[in-house]
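Grab your structure viewer and let's work through some charged side-chain pairs. Each exercise comes with a worked solution.

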Amino acid sequence: MLICERTSVMNIENAIRGARNPMNSWDRMDSSYDEDGEYILGPNDLGLAKRLRKAGNDHRKYIRQIFVSVDITAPIYWWKEYDTYKVSTVANSTSTMHKIHSKPFSINDFSHDHMSEQTLDFMEIVVAELEKIRLRYMENKNKDDWYDMIQLLPSSYNQMRTCTLNYESLINMYFARKNHKLIEWHTFCRWVEELPYAKELILAEE
């Protein structure tokens, strides 16, 4: 399971203006904001953006100045792979260490959408045991119980992080992971495809 929420794409205007700095071609800018406050690229700006995108890393520096903020909820096993991407990304997560005991454990706290029926039955036992330990910890605040929760916690436990990325890092992630065996990466890539001008600036399609 993976959910992307509260997406915000920022700084397209400044990025495109910066892309025109090398040739002092600001007078050719033809983009503007619509009635909803969305920045709409005009034909001149979009054409330049597409040409620079396809010209390679050295020429598409403006891509790094288009910023994205998003809340992602995903299992810990997916976050382990996401953490490979440390360049131009920032993430602020909900705290497992501090807040794991703050609410009852439920099967819906875990990604289980691809579990077989037999495995799901066993997972219910694990969740019930975690809840039993949590209640014991809430009663006596014994650190041994806290460690039991942390070390028993399956990697399917869902965690929410507020992530900041840019279009360059999304290019790298998209093409590295779009055919990955984890379905969560497919969901992530579909989210990328829906970002403003993703087709032209991230996927480099016409």
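**Salt bridges, step by step**

In this predicted model, Glu-5 and Arg-6 make a salt bridge, with 3.4 Å between the closest N and O atoms.

**Exercise 1.** Work out how Glu-5 and Arg-6 pass the salt-bridge test, and sort each by exposure.

*Solution.* 
- Step 1: the cut-off is 4 Å between a side-chain nitrogen of Lys or Arg and a carboxyl oxygen of Asp or Glu. The Glu-5 to Arg-6 distance is 3.4 Å, so the pair counts.
- Step 2: Glu-5 has a relative accessible area of 32%, so call it partly exposed. Arg-6 sits at 55%, so that one is exposed.

**Exercise 2.** Find where in the chain Glu-168 and Arg-60 sit, and decide: buried or exposed?

*Solution.* 
- Step 1: their side chains form a salt bridge, 2.8 Å from N to O.
- Step 2: Glu-168 belongs to helix H7 (residues 167-177), while Arg-60 lies in the loop between helix H2 (43-54) and strand E4 (67-75). That's 108 residues apart, so the pair ties together distant parts of the chain.
- Step 3: Glu-168 and Arg-60 are both buried.

**Exercise 3.** Classify the exposure of Asp-145 and Arg-136.

*Solution.* 
- Step 1: these two form a salt bridge, with the closest N and O atoms 3.0 Å apart.
- Step 2: buried means under 20%, and Asp-145 comes in at 7%, so it's buried. Arg-136, at 32%, is partly exposed.

Methods
Residues numbered from 1 in each chain as written. Predicted model: local features only at pLDDT ≥ 70, side-chain atom pairs only at ≥ 80, totals over all residues. Heavy atoms only, no water. Buried < 20%, exposed > 50% of the residue type's maximum accessible area, 1.4 Å probe, protein only. Helix = DSSP H or I, 4+ residues; strand = E, 2+ residues; numbered from the N terminus.
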